Amino acid sequence: MADPKKPRLPFAPWDRRELPGIFTVEESARRVGHYKWIEMRLFEVLGGWVATVPELDVKLRLGTHCYHHAWHSELWHKRLPELREMNPERLTASPNDELVAFVDAMTEPEGPDLTIEKLVGAYRVLIPAKIAAYTYHRNNTSTITDAPTIRSLDFALADEFNDWRDGEMMLQSLIQSEAELDRAIAHQAALQKLMLAAGGIAGPGTIGDSYEPTQEAHA
């Protein structure tokens with residue numbers, strides 16, 4: 001019989017997770033608020049396009065995908081802290097004006113002949129940026145203290161990867177001439193510059209900083 005007074009480690013021998021993540025509670029809440037904001041915007045954008053896109057197969061896919069993003073925004077809302085000083089509504093915001101400009105530009109193509117531009121914005125720029133942000137967050141948060149966030153990130157990432165694949169295949173089926181390819185490339189480049197200016201969906205540092213400070217920088 002096991003000795004009940006013998007001290008035991010807090011986790012089973014097969015579970016030796018690291019306790020600390022790199023995010024403070026405030027930083028994690030800030031990021032989650034930005035995630036909720038961009039998921040809500042993408043839900044609204046894709047839902048609006050369902051009515052204007054003439055291609056039936058694209059219309060049906062957008063209808064499915066927009067509800068994925070509505071669900072993701074609900075997941076993020078539930079992960080926001082309910083402390084008075086960290087009000088969920090205040091945290092649900094864009095990280096900066098540059099990301100607002102990106103969403104405005106992504107939404108701009110309205111005509112029924114601009115399905116390529118619509119899909120490029122969502123599936124070649126925004127969703128890859130979301131996948132990068134969510135992956136970075138998942139890889140750098142505590143598996144112990146922030147396990148519910150990791151679970152939400154896993155759900156969201158599974159949808160994002162599947163939706164990205166659908167979107168890319170829709171684009172490849174629509175682009176059938178050099179002129180259409182040029183349209184896609186030009187629109188992607190314009191939107192990518194706006195996303196670069198925003199620093200990602202959570203602002204500068206969305207996926208960390210790959211460059212270590214140099215001695216010269218400290219001199």
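Analyst: Y35, W76 and Y134 form one aromatic cluster. The model is predicted, so local features need pLDDT of at least 70 and side-chain atom pairs count only at pLDDT 80 or more, while totals for chains, interfaces and linings use all residues. Residues are numbered from 1 along each chain as its sequence is written, and side-chain values use heavy atoms, with hydrogens and water left out.

User: What describes a pair of aromatic rings, and how many aromatic pairs are counted here?

Analyst: A pair is described by the distance of the ring centres and the angle of the planes. Rings of Phe, Tyr and Trp (its six-membered ring) pair if their centres lie within 6.5 Å, with planes under 30 degrees apart counted as stacked, over 60 as edge-to-face and the rest as tilted. By this rule there are six aromatic pairs. In one of them, the rings of F23 and Y136 have centres 6.0 Å apart and planes at 75°, so the pair is edge-to-face.

User: Are F23 and Y136 buried or exposed?

Analyst: Buried means under 20% relative accessible area, exposed over 50%, and partly exposed in between (1.4 Å probe, protein chains only). Both F23 and Y136 are buried. The rings of Y35 and Y134, with centres 4.9 Å apart and planes at 80°, also form an edge-to-face pair; Y35 is buried at 0% relative accessibility, and Y134 is buried with a relative accessible area of 0%.
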